[in-house]
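This note is meant for a colleague who is meeting the structure for the first time. Please read the points below alongside the sequence and the model.

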Amino acid sequence: MKPDPYASIPLARGANLFGHAHRLKGDRLNFMRELGEVGPLVQTRFFNRAVLFAGSPEVAHELLVEKAASFEKSPGIRLLLHDLAGEGLFTSEGDLWKRQRRLMSPLFHPSQLATYTGTMNTEARRAVERFANGSHVDLLRESTRITMSVVGATLFGADTFNEAEEIGEALTTLLAWIDSQSASPMMTLQVVLIEAVEQLRARTRGRLADIFTAAERRLREPFMLLGRHTPERQRALRTLDDRIHTMIRQRREHVTTRKDLLTRLLLARDGEGGGTSQGMSDKQLRDEVNTLFVAGHETTATALAWCFYLLARSPEARARVQAEADSFGPEGPTQPEPQRLEYTTRVFKEALRLYPPVIILARRALEPVTLGGFELPAHTLVMVSPYTLHFHPAAWPDPDRFDPDRFLPAQEATRPKSAWLPFGLGPRVCIGNHFALLEGPIVLATLMRRARFDIDASRRIEPDLFATLRPKGGVPATVHLRDG
């Protein structure tokens with residue numbers, strides 16, 4: 001019997017006969033926080049499969065930055081996102097990922113981001129214009145409508161404002177399914193089968209290797225995961241695909257001189273950093289658009305909703321954000337002037353700390369590697385939880401307290417960079433991180449310049465155990481329009 005290569009790594013508390021799967025499903029956030037108390041590298045078990053977690057910012061930095069080349073996205077993440085994101089930027093690996101990242105990067109350069117400010121302001125004002133004085137709204141729903149419209153207009157040249165409800169419901173359905181399968185026995189079993197076939201393929205040659213290659217390709221589709229073909233989920237996928245394929249078809253029929261992302265993707269050829277001599281297939285285009293459409297609005301929308309909730313419970317902070325918003329004219333910020341939104345930006349960052357949209361980043365070792373002082377074999381699964389690190393008491397004193405001044409430059413300089421990673425870190429850091437950090441404060445200030453949103457400060461809103469960390473039940477508010 002082979003010795004357990006993980007025997008010396010501290011084990012998380014609360015395991016039962018099936019390991020820690022029940023904690024991840026039913027007590028996820030408390031479980032994530034406890035991991036930071038166990039050690040720099042922590043062992044968990046899922047149906048007798050070892051899964052490691054980074055328990056400190058230092059190990060997270062070692063994994064995501066220093067030794068990023070020794071790891072890839074986990075097969076489980078690719079299974080969960082196969083139907084939604086395919087081989088898009090978030091899930092692809094190797095040369096494909098490098099080409100696509102290189103192709104898209106110019107659209108997220110700071111000089112280009114500055115040109116998006118007007119659209120961010122316009123879409124926020126457009127939302128307020130729909131409100132009646134004294135009306136009741138859900139600020140999560142409204143922030144989703146705004147951010148979905150911003151990403152549609154800036155990256156794809158499409159107006160999605162009036163379709164936000166339908167598209168948002170479709171995304172919620174798909175993300176709920178992803179969450180339901182994230183620690184399921186069937187996903188664990190399929191990952192184990194993928195790795196077994198990978199090892200068999202590596203040891204064989206000729207026709208037998210071809211058979212294993214075909215089997216591996218088939219196993220990368222989530223056919224074993226339950227609920228994949230329910231009518232509700234299939235309708236949700238069709239809703240997204242119909243909208244995206246319509247965008248692609250219309251742009252192909254009317255090639256323009258636009259410089260948005262969709263045009264760049266459509267015109268990509270070898271030598272430009274992406275595609276083939278015939279250009280990208282509609283399938284690859286669909287995967288990239290879906291990936292950026294989802295990622296481009298979900299993080300910011302969720303953080304904005306949490307901002308309103310946190311400000312309702314902190315009158316002093318709310319007054320400071322209101323003062324920054326009121327320093328602009330009636331339209332709010334229409335130009336990139338970050339120095340005038342310094343405190344608002346800190347509020348947005350603190351909301352992302354307390355409620356990071358994605359709470360697990362998953363990696364798999366491509367080769368034997370040392371991490372946190374432990375020797376790990378190839379195929380080891382290692383997770384980084386932003387939630388664990390965002391509440392790590394060594395990096396964040398009194399971590400439950402809402403304190404935007406944690407993000408004063410002097411405070412940020414004293415912390416490890418990996419203590420705050422709502423967008424990940426290293427080569428695979430979210431390509432839209434600067435986009436989100438520009439958009440969030442601009443939208444928040446524009447909305448507060450045009451309206452006051454009254455929220456019951458005594459109502460406690462819990463984070464929903466969802467694929468992203470949304471406020472459970474939304475953020476209900478009463479609208480009071482402001483003059484001039």
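1. Where is the place of H379? H379 lies in the loop between β7 (374-376) and β8 (381-384); strands here are DSSP runs of E with at least two residues, helices are runs of H or I with at least four, and both are numbered from the N terminus. Although H379 is not a glycine, its phi is positive, at about 75°. With 21% relative accessibility, H379 counts as partly exposed, since buried means under 20% relative accessible area, exposed means over 50%, and partly exposed is in between (1.4 Å probe, protein chains only).

2. Some remarks on the basis of the values follow. The model is predicted, and local features need pLDDT of at least 70, side-chain atom pairs count only at pLDDT 80 or more, and totals for chains, interfaces and linings use all residues. Residues are numbered from 1 along each chain as its sequence is written, and side-chain values use heavy atoms, with hydrogens and water left out.

3. D398 also has a positive phi, of about 50°, although it is not a glycine. The residue is found in the loop between α18 (386-390) and α19 (409-413). D398 is partly exposed, at a relative accessible area of 45%.

4. Two packed helices are described by the angle between their axes and the distance between the axes. Helix α8 (residues 117-128) packs on helix α20 (residues 433-450) at an angle of about 40°, and their axes are 9 Å apart. Axes are lines fitted to C-alpha atoms, for helices over the stretch in contact, and angles run from 0 to 180 degrees between N-to-C directions. The pair is therefore oblique, given that angles under 35 degrees count as roughly parallel, over 145 as roughly antiparallel, 65 to 115 as roughly perpendicular and the rest as oblique. On the α8 side the contact (heavy atoms within 4.5 Å) is made by T117, M120, N121, A124, R125 and V128; the residues of α20 include F435, L438 and I442.

5. Helix α9 (residues 139-156) also packs against α20, here at an angle of about 125° with the axes 11 Å apart. These two helices are therefore oblique to each other, and their crossing is right-handed. I146, T147, V150 and T154 of α9 meet F435, E439, V443 and L447 of α20.

6. M104 belongs to helix α6 (residues 94-104). M104 is buried, at 0% relative accessible area. Not counting residues up to four places away in sequence, M104 touches L89, L261, L265, E288, L292 and I431. M104 and R264 are 160 residues apart in sequence, yet 7.8 Å apart in space, C-alpha to C-alpha.

7. How many disulfides does the structure hold? The number is zero, a disulfide being a pair of cysteine sulfur atoms within 2.5 Å. The sulfur of C307 has its closest cysteine sulfur in C430, 17 Å away, which is too far for a bond. C307 is buried, at 0% relative accessibility, whereas C430 is partly exposed, at 27%.

Definitions and conventions. A crossing is left-handed if the near helix is turned anticlockwise from the far one by less than a right angle, and right-handed if clockwise.
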